[in-house]
Each structure stands twice: as C-alpha cells, then as structure tokens.
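Here is a short note to read beside the model. Please keep the sequence and the 3D view open as you go.

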Amino acid sequence: MTAPWVRTRLRAAPGAALALAVLVALTACLAAAFPRALDRYTDAGLRQAVDRAAADERSVLVDSAPTLGGSVAEAEDSVRPKSLAGGYRSVLGIVERPLVIDEKQSSYGVRVTESLPSPEKWLPRPDGLPAEMALAAQQGLADHTRVRSGRLPEVPGGRATISTAEVEAAVTEETARTLHMKVGSVVHVPGQRDLTVRVTGIVTPERPDSAYWSVDSVLRTPSLRRTPGPPGAPSPTYWVGGLLLAPEAGPALLGTARVGRYWHLAPDPDSVHSRDLDKLASAVASLESGPGLEQLHSTIDPLTEVTTGLDDVFTSYGQLRGDVGPLVVVAASGAGTVAAVVLLMAGGLATDRRRAELALLRARGASVRGLAGRLLAETAVVAVPAGALGLGVALLALPGARLLPALWAAAAVTAVACLALPLRAAAAHRSVRIHDGRRDVASARASRRRTVAELTVVVLALGAVEMLRRRGATEGAGDLVAVAPVLIGVIAALVLVRLYPLPLRGLARPARRLRGAVGPLALARAGRTSASAVLPLLALLTAFTVAAFGGSVLSGVTDARDRAALLAVGADARVEASDALPSGLPDRLGRASGVREVTEVGVDYQARTLDGRQSLPLAGVDPDAYAGLAQRTGLGAFPGGKLTRPDGAEGGSEDAVLPALASPTVAERFGGGAFPLRLADGSVATLRIVLVRDHTPGVPGDDFLVVDRAGLSGGAARPNVLLLTGDDLNAGALRRAADGAGTVHLRSVERGKYVDSPLQSGAEHIYTAAVAAAAGFAALALLLSLASTAPERAALLARLRTMGLTRAQGRRLLVLESLPQALPAALGGILTGWAAVRLLSPGIDLTTIALSTASPVGSAELRTDPWSLAVPAVAVLVLAVGVAALQAWWSGRRGAVAELRAGDAR
C-alpha cells in the first residue's frame, strides 16, 4: 500500500522532507506574491491617476437643457426633483461595468449656465466691478453639509414656478466670509426677470474635496476672476460666489437666465482596477460618443452632452503601464526560470541520493509506473501543504488583490515540486540496472539524441533572439521580451557545457609534467562533464542576466533622476530671490553644515532685445568660479577665460562687446555677430556669442545667456541666485541661514519629486525583489550542484589521503577543481548580461519609470552597468571556492575511515 510507504519514507528522512517543504513554501509564497503585488501597485497607480485629475476631468458630466419645446408646465416639471431623480437613475443604468459610480459623491440638479452680476453695493468690489452670483438648486444639500447658523433653504408653499420672484439660499462659510454675507442678507439678481435671493443659512461642506463640491467649486469657494483683455492692458478683477438654492427651487431659475440640468457622476475609486483598463475606456467611450450617448438622447433629451477627462487619464496611464510592463515581465520570467530550475535540481538531487535504493526496487520487480506513483505520493504529502502554506502567507501579506493568479502560480510551483522527483527517477530507471559504474566519468562523445535536441533548442533560441533584436522591446515583440533572459541563458548554457571541457582536456596532458598530482588531477576531473551540468549553469546564467539587466535598469533610473534634479536646481542646493540677495548671505551659507562652495549668479529674466519682441534669461557670473561649478556638476563645462570681459568694459559700458555663453537655440537665433540687449534696470549690454552649451547651472531651460557680470551695470550685476555644492546639505540649516531672504531648493528634495506614481515605485520594488530572488535561487542552485557531487568528492579525498595527500593539498585540489567550472560560469554570465542589455535597450526608454513629469534630461537610455556585471561574477567565484574549501575542511575532520566502506560505489 502507498500509505505505509509514505509514512516510512518520511520517518526515515525527516530532514530531507523538511528541506523540501521549506523550499516549496518559500517558492510558492514568492510566486503567489508576484501577481498580487503587481495588482496592488498597478491598481494604486491607476487610482492615483484618477484622484489627481481635476474634479471635472475625473467625473462624467451629463448636461441637458430643460424641456422647452412644450408648455411652461412641462419646462417646470423637467427641473423639479422628481424629474431630475428619474434622469439620474436613467444615467446610472446606462453606465457600463466595470465603471462604477459613487452615488454618495455624485450630484445632480439645475443651475444657471453663466454667473449673473448683482448690483448690491455691500458685496466686495476689488476693482469696482460688481460681484457675480452662480445659482444652483443641487440635490442632496442636506446630506453634504452641516448648518453653522440659520437653516437650510426652503420653498415657500413647497412648490416654485417660473414666476417665483423670491427664493431662499444657503452659502458656505468661505463664501460668507469672503463676500461679507450673513443670515438674512438679501442679494438681488437681475435677469430676464429679477430674482431676489435671501440667505437663510451658512453651512460647512462635509467633505470639501469631494466630487460633490469640487466639480463646480465656486459653489464651495468664491473665485476672484479677471476680465479678459489684450496683452499688456489692465485686467480688473471681480468676485464670483455660489448661492445654494433649495432643490425644489429649480423652476424659479427658468425666468431669470439660461439654465441647464446636470448630472455629475463620480467614479468609485475602490472599483477602479488596472486589469479592467480597456473595459473602463470602452465604458467611457460609450458614454461620450457611443451606444450610451444614444440611450441618453432617447431617455433624457436629444441634445444631451457628455464630457469627461477620464479617457485622457486612462490613455496616459495605459502608456505608463505599457512602458513599465516589459521591465517587470523580464524580471519575473528570469526569477521564475531560476526557481523552476532549483526545484528540478532538488528532485534530481533526491534521485541521485536514492539511486541505489530505487535501482534495488526496480531489480525486485517494481514497475516504473508504480515507482513513480510512490514517489509522487511521498513528495505530494510534503509539497502540497507547503505550497498551501506559502499561498496563505502571500494572501495575508498582500491583501486586496486577485486570488486566481496567485492560486495558479502557487499551484504551478507545487506541481513542479511534486513531479520533479518521480519524473527524474522514471527517466533514470527506465531499465533495470545492477551497477551504474563511476558517476564522475562522462562519455567522450554525447549521444545523437542529446546533440540533436541541443542543436534544436539553440537554433530556436537564436531565431527568437534575432526576432527580438529586430523588433526591439516593444509591444509587437510579444512574449519574446519576457523570455529574453531565458533564451540567452539557454544558448550560453548549452554552448558552455559543450565547449569548456575541451580546453581543460587539452591542458590535462601538458599538466602531467608539473610536479605534484594536485594540478593534473584537478584539470582531469574538471574536464569531465555531463548533461546534469546544464541545469545549474542555466540557473546561474539566467540569474546573471536578470541581475545585470535589473542592475542596469535601476542604475539608469537613478542616474536619470539625479540628472533631472541637477538640471532643475543647478547644483546641490539653490537659493533664489526675485530681487538682489543681501551681501552677507553667501558667507552665512558658506558656514552652514556640509557646504563647500557658494557661487554667486545674477539672473535677469527680463532681458530683451531693443525692439522688445524677444526676451531671454541673462546670467551674470564670475567666469572662473562659474567655470569651476560647471566643471564639477558636468553642466556645460567651459574655460573661464573665454568669458572674461575685455579691457574697458567695466560697469556696463555700451560700447564694449561682452563674450557670452549661449544655449543652442539662442545661438541659432542671434548668430555670431554682436547684438544689444536691454536689461531690467534699463541699461544696455552688447554681447557676442563665443561658446555654446546645451545646459548651464545658473539657468534651467533651453534659452539662456551667460556673461561676465563685471561687464554689466551695478544694478544688473547684483546676484539674486546662489548655487551651493557640498555633501549632506541640511534644508533646515540652509533656510535658517537664508533667514527668509530667498527660496531654498535642494537637489535631493527635487529628486524625490520624480517618484510620482505607485506604478513607478512598485515596478522598482518588484524588480529589486525579483533580482534578489533570482540571486538567492541561483546561489541555491550552485549549492545543490555542489551537494550532488559532495559524497563522491569526499570519498576521493579519503582515498587520496590514504595515499599521502595532505589536508592543504586536498583543499587546493577541490578549489582548483571548482575554478574551471566557476570561471566559465562567471565569464558567461557577464557575456549574457551584456547581451541582454544590448538586445533590449533599443526598445526600452527608462524616462517613464524614472521621471513622473517632463524634464530637460531628455530620454533616459538603458546602458550596461559595470557593477551589475562584476558583482554577480565575483559572488559566484567566491561561493564556489568557499564551498569547496569548506567541504575539504569538513572531510579532513571526519577522516578517511568514516568515508570509505567496503562495497561503496563512490
């Protein structure tokens, strides 16, 4: 029976069972955590994109005029609460899933389409223009406000008509404070028919930032607006405030001005999921110009309009997700491949350790199917609970994501763990064998089947890599981007396994002439290889590729953010003011903690040509000090002597021509001749462009001129910008030293602004975790590979010690034996990592994941990071040599008697 067999095996080897359980639980937990973490980050990014959009952009605005084609009674009925509520229910029924509307934050009602001026003298008039009032009879006022004084507005008699001349209204606290209103105030609103509005209450919004109050924010907060006019002409200001009428007062607005019905639908942020992005965009498109709009025309009014900015939000988020997606998929596929290899190697190690036991069972009549079934039951008893435990930990650690992808991932890990041992044992014991011979000897020529299989895999992988190289890491490349590390690892592993024994065998014969047996014996043993070396080498090379690619991605992101922050600030810190800074401020800032250098710059943002048509920033600097700053920051380095003013150009002489450094656009505009500029203080400076640089520390942007400030007038030469360089600058200390004289900007603070979306930070975290997991599993694969041959090496050392080999020679033997295998793995890993970066870099732009907003840094390209190639290679060498030395030390402690036994096949 199977049950006694399973119980007996678990009792016989509890340590192996526990190790398998830990491996499966950890792998299943990581595999289940990946899709859940990805769901959480992508959902959070989409919700943030929706929340950060303006209230009118993230809402669906349905507008319609009252029913005017019939009688006055029909027009009045169309703006009464019952009719508006019916339209609201119709609109909700038309919205398609998965777009879910938050009814608590949605609003509907009737309002005037344009604000109306009020003749009241007591209303504030900043520039003499009368204040204007926006009137709205919005439903649900009582549910979204708290009454501070007075009461909510009502309609006398409970029913208003088009002829109603006086209505009641409430105002928010902010409106009352700004427009000097109080309970009992009367506002006359002239129109087609004059309307008198009496303020009966002052209210406080329950959630001022909610969509109910934010779509038409003037109902919550008064707005100070300017009258439009030609450029340069004065623009008088006037106030616009909101009057909140009773929901039943809608008909009274019909006789005053043009009114409109509205239904503002606020999406429920908790129901927005990144996986539904296409369906969400389809639902919005249906409302804007599809079947949904046609239904609104038939149920509400043929002229009903729908406006929303959700389509733009979804489109921009989809572009961000599309740019980040390939990077995450590469990391996940690489780490998953390494984890699968480790599970297969664990099954292979168990098969090798139990080779004699399984051969004996076959010799005694056990069938291959029966043997595989017993091993499957034995493994499943351990792996299935462990996989369930790993899945449970992932579900508890990462709530709020889909269950099915995590379940499938954990199930796949458990299935591989359960099947690795039975399938490997069935393949190894297809035929009954009594003795396998020495396991460290490989045939000089591989079988034809293996050769054909390897050539087929290599050809297919090369074809896929070539296709990926031509297409690039774009959406059209499909799944090829995901398997790029695996493809490169397969090619390199199969080629290295076949090639690296050849030079070792060639060196073995000359090495026999050396004194001592350690060198020749190490080369002879290292030159023996078998098919089992492919899996650990594939794991190492795939992990190398993922680590190199991931390190290059993370390094590129860091460099892009540092560069963007430097371009925005100009140095490690920047102190800037609109007017000249105090003369003693540079010395105070120079004494602040961490500050090494302070460079003074006078920037005139109002410099313009004499005809006044062109303006551009002009920076006056000390050429030598500023050249040193440009050299240190790498922003347009130049020789300081090129900008030094000519003799006789002191104090802003108009006759002298000052040499200038300019941006490419300014240089193209003015050419190489002399040209005058009128500065903000009224003086004129004549310049000639002698240097052209893309960037400069003192002035951010693409338009700038830099001159020697000694050649400018006294007013124009005074510095209003201080650029600070140093280490660990403290914002608080700098602000205290500035003492309010200017605004302090830190490069480190500016850099933090570029991590804007949870999708960006989530992709970085997932990639970092994937690289760490791949590295951990690769190290485990190397340890399993060494553990599989540990008994044979221990027996070899014991035999050699009986022949006079010392412990030191034993350590050198194992170390030298491991180096010919570890060195090709390290060099192959460097090559595969470099190849992956070169292969995928043309189609990957790190700008999206690195920078949340537009930046002058331009495109952030993916480049190979040397440390990401060197560190894993050194780690493999150290680990391989360390394990070999540790095994030699441990074998020496045990002694030869403990290792050698009669009849041992090792």
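Is arginine 574 buried or exposed? Arginine 574 is buried, at a relative accessible area of 3%. Buried means under 20% relative accessible area, exposed over 50%, and partly exposed in between (1.4 Å probe, protein chains only).

1. Ground rules. This is a predicted model, where local features need pLDDT of at least 70, side-chain atom pairs count only at pLDDT 80 or more, and totals for chains, interfaces and linings use all residues. Residues are numbered from 1 along each chain as its sequence is written, and side-chain values use heavy atoms, leaving out hydrogens and water.

2. The partner of arginine 574. Arginine 574 makes a salt bridge with glutamate 576, with 3.0 Å between the closest N and O atoms. A salt bridge is a side-chain nitrogen of Lys or Arg within 4 Å of a carboxyl oxygen of Asp or Glu. Glutamate 576 is buried too, at 18% relative accessible area.

3. The structure holds 15 salt bridges.

4. A strand tied to a helix. Arginine 148 and glutamate 173 meet through their side chains in a salt bridge (3.7 Å, N to O). Arginine 148 sits in strand S5 (residues 145–150) and glutamate 173 in helix H5 (residues 173–179), so the pair ties together parts 25 residues apart in sequence. Helices (H or I, at least four residues) and strands (E, at least two) are DSSP runs, numbered from the N terminus. Glutamate 173 is partly exposed, with a relative accessible area of 33%.

5. A longer link. Arginine 747 and aspartate 572 form a salt bridge, their closest N and O atoms 3.3 Å apart. This pair links distant parts of the chain, 175 residues apart: arginine 747 is in helix H23 (residues 747–752), and aspartate 572 is in the loop between helix H17 (534–569) and strand S13 (573–576). Arginine 747 is partly exposed, at 24% relative accessibility.

6. The whole chain. The protein chain has 29 helices and 21 strands. Of its 906 residues, 50% are buried. Among contacts with a separation of 6 or more, 81% join residues 24 or more positions apart. Contact means heavy atoms within 4.5 Å.

7. Helix H9. Helix H9 (residues 310–353) has 44 residues and reaches 61 Å from first C-alpha to last, close to the 64 Å expected at 1.5 Å a residue. The expected span is 1.5 Å times one less than the number of residues.
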